[in-house]
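Please read them with the structure open.

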Amino acid sequence: MADIRTVLVLPDSRLRLVSEPVARIDAEIRALVADMFETMYAAPGVGLAAIQVCVQKRVVTIDVSRGEEKKKPIALINPELVWASDERVIHEEGCLSIPDYLGDVERAERVKVRYLDLEGAAQEIEAQELFARVVQHEIDHINGVLFIDHLSRLKRDRVIKKFAKVAKRAAVG
Ligand code: NI
């Protein structure tokens, strides 16, 4: 049975850690992935990186199916971008670790990503549209990068200050 794990929220400094490659896909990794899907669907969100549930490993879960569509869960172990299109698109983004905040982020329209699946087999896929955006967002996470890092400094500082204030208030109250 999979569990919903607690999602780290800004300004938690662990979100800035660079995650370690997975050396072996074992029962622990499979349990982590199952919990990540459970956590992601409950939120709800379309993508999650292990570091967001405080596991410093290069593991990502994504499902960009919408509404009543059949679910399309995909787990990426040690994902890396091997190609990105020159065409770039700007679209609104959010993050489970930065709740209730959206910002416009420019990213490559299409990317190729190489990763290991849960059986340990090497895979390479081309992603586009929302899937391409989520792949780039989640790979940023495992490198300690948040989508607000792609915003103007002014906007980023404003968001960080806001979340720091909320955290301080929570600590006091
Ligand atoms: Ni995120």
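1. The model is predicted, so local features need pLDDT of at least 70 and side-chain atom pairs count only at pLDDT 80 or more, while totals for chains, interfaces and linings use all residues. Residues are numbered from 1 along each chain as its sequence is written, and side-chain values use heavy atoms, with hydrogens and water left out.

2. Which atoms coordinate the nickel ion? They are SG of Cys-95, NE2 of His-137 and NE2 of His-141, at 2.1 to 2.3 Å, where donors are N, O and S atoms within 2.8 Å of the metal (3.2 Å for Na, K and Ca), and sites may look incomplete because water is not among the atoms. Along the chain the donors follow the spacing C-x41-H-x3-H. Both histidines, His-137 and His-141, sit in helix H2 (residues 129-142), four residues apart, or about one turn of the helix; helices (H or I, at least four residues) and strands (E, at least two) are DSSP runs numbered from the N terminus.

3. S6 pairs in the antiparallel sense with strand S3 (residues 74-84) over five bridges, pairing being called when DSSP finds at least two bridges between two strands, and Ile-77 stands opposite Leu-116. Seven bridges join S6 to the antiparallel strand S7 (residues 122-128), with Lys-112 opposite Glu-126. Five residues separate S6 and S7 in their hairpin, where Gly-120 has a positive phi near 85 degrees.

4. The largest pocket holds about 400 Å³ of space. Of its 22 lining residues, Val-46, Glu-93, Gly-94, Cys-95 and Leu-102 are the closest to its centre. A pocket is an open set of points on a 1 Å grid over the protein atoms alone, where a 1.4 Å probe fits, with protein on both sides within 12 Å along at least five of seven lines, and lining residues have an atom within 4 Å of a point; grid points are joined across faces, edges and corners, and a volume is the space filled by probe spheres set on the points. H2 supplies the largest share of this lining, six residues.
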